[in-house]
Amino acid sequence: MGQTIAKQSQIVTNVAPACTTLSSPLSPMVTLGAGCFWGTEKFVKKDFQKRFPNSIKSTSVGFMSPSASAMKNPSYRQVCSGSSGHVEVLEVELNDPQTHYEELIRFFFQFHDPTTKNRQGNDQGPQYGSAIFVYDKDQRAIAEKVKKDVNALVAKGTITSYSNS
């Protein structure tokens, strides 16, 4: 009913200086924790793809932890118990990460509420936390830039809907 997605990655947690010049091609892989992985998959596969046709090559649901000391290969029950240190995630492979990575990160901040700790809607528990796992320094820089932009908009009270502009 899910899998542990164990890959080299980092979780975006602290604001770091953003870089807009890419040093190399972006990884096509993106892993997002945004509550229930089935809901996340629906938003990304259907709604994001509607806005950006053919942007997604594949998706896979599973669990991931930002902590090296988290339980290894937990079962779905263990993740749901909140004791494994994992969040439910959707791993996405983009067809063209240079074009769609930043758009997907912006979309990520629109379809769920990252300000509610360990909760999305009626789903509660640490497995429903909000996380962006990054695979290279350029992904991290872009995710941090988008997070900073979104935080500024939230602080000003100006977020109304998703936009490509």
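Guide: One definition to start: a salt bridge is a side-chain nitrogen of Lys or Arg within 4 Å of a carboxyl oxygen of Asp or Glu. Please keep in mind that this is a predicted model.

Visitor: How many salt bridges does a search of the whole structure find?
Guide: Side chains of opposite charge can pair when their charged atoms come close. Searching the whole structure, the count of salt bridges comes to seven.

Visitor: Which residues are linked with E102 in a network of salt bridges?
Guide: E102 pairs with K145, their closest N and O atoms being 3.5 Å apart. E102 lies in helix α3 and K145 in helix α4, so this pair ties together parts 43 residues apart in sequence. R106 and D149 also meet in a salt bridge, at 2.9 Å from N to O. The network therefore joins E102 with R106, K145 and D149.

Visitor: How many disulfides does the search find?
Guide: A disulfide needs two cysteine sulfur atoms within 2.5 Å. The cysteine sulfur closest to that of C36 is in C80, 8.9 Å away, which is too far for a bond. The number of disulfides in the whole structure is zero.

Conventions
Residues numbered from 1 in each chain as written. Predicted model: local features only at pLDDT ≥ 70, side-chain atom pairs only at ≥ 80, totals over all residues. Heavy atoms only, no water. Helix = DSSP H or I, 4+ residues; strand = E, 2+ residues; numbered from the N terminus.
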